[in-house]
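Open the structure in your viewer and keep the selection panel to hand. The stops below go from pockets to surface.

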Amino acid sequence: MIRRIVLLSTLACSASGFTAPASPLSPHRSTRIAAFDNDQFEAVQSFDPLNLAEDESLSPSNDNNGRVAAVASAALATALSSPLSASAAGPDWGIFEGRTGSLLHPAMMACMALFSISTALLGFDWRRQRTIGDEISALKKTMPNLNGAKSVGEALAAAEGAEEVDADYIASLRRVLPVQSQIDELTKERKELASAGPRDKHFNQGSLLLFIGIAFAIEGPLNTYARAGKLFPGPHLYAGAGLVVLWALAASMVPAMQKGNDTARTVHIGANLTGIGLFVWQVTTGIPILFKVIEFTKWP
């Protein structure tokens, strides 16, 4: 387009260059002043042995030259009036830059915010299932020797039914009955968590969140550029980019977490909690943008 405009401009400006300059004197009076002496001038005829000045057919007419310049000017005006901004905006994306495509980003990201909270809860369930065994082990260390019994109740029944009753031992067993109740509750909770399978659910939902979240985090700016031809930097855009970085950071900690690295677990949890905070804030900054999208777009 730029080359075409430059070419037509050159053509229009140089059209007059092909016009033969008109003679200042008529063909019959083609003379010039050769010399003067004592206020007497001698006229000398111009050198024209072929009488070309008298042959009007050999010089291009002013009408033809004007016609060439007019055509070139019209072509230049047509080129300049072409919609350059439309060419810069890119192709017509159809439904993608309409209201349907524009609402995909806010709808999906709102769902991803709720999905992120659900994934975090599953992560805490898995952490609870993994660490509850440590609590049970710590409580068992506070209990007296049960002499092979599986619980304090069995040990107490056996001690009371023995031929030689050890009152002190029986008293110690009765003191730890509340501890046994705690152990039983924790054991039941661990079985329920294990049957729910939060570990696999957390991993699967986290992977899905990472894929869909990043995909629609990129789709939003692409849709904006398709509609407006530019992006609008601001808190919403910057927070969204930061959220994608936090997702990547949390995912990168998984291999070390599987090896038992507690620092990696802490970074994973911290990145995801910060991401959820950004997600909630994104809702507040995205609502005004949503209203503008509805105002300036049409179905579909």
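How many nonpolar, polar and charged residues are in the lining of the second largest pocket? By class, that lining has 14 nonpolar, nine polar and five charged residues (Ala, Val, Leu, Ile, Met, Phe, Trp, Tyr, Cys and Pro count as nonpolar, Asp, Glu, Lys and Arg as charged, and the others, Gly among them, as polar).

This is a predicted model, in which local features need pLDDT of at least 70 and side-chain atom pairs pLDDT 80 or more, while totals for chains, interfaces and linings use all residues. Residues are numbered from 1 along each chain as its sequence is written, and side-chain values use heavy atoms, without hydrogens and water.

Stay with the second largest pocket, which holds about 790 Å³ of space. Select H202, F203, V254, M257 and H268, the closest to its centre of 28 lining residues. A pocket here is an open set of points on a 1 Å grid over the protein atoms alone, where a 1.4 Å probe fits, with protein on both sides within 12 Å along at least five of seven lines; lining residues have an atom within 4 Å of a point. A volume is the space filled by probe spheres set on the points, which are joined across faces, edges and corners.

Next, select H105, T224, H236, G286 and I289, which lie nearest the centre of the largest pocket among its 36 lining residues. The volume of the largest pocket is about 1100 Å³. Its lining has 23 nonpolar, eleven polar and two charged residues.

Finally, select L237, which is partly exposed at 30% relative accessible area (partly exposed lies between buried, under 20%, and exposed, over 50%, with a 1.4 Å probe and protein chains only).
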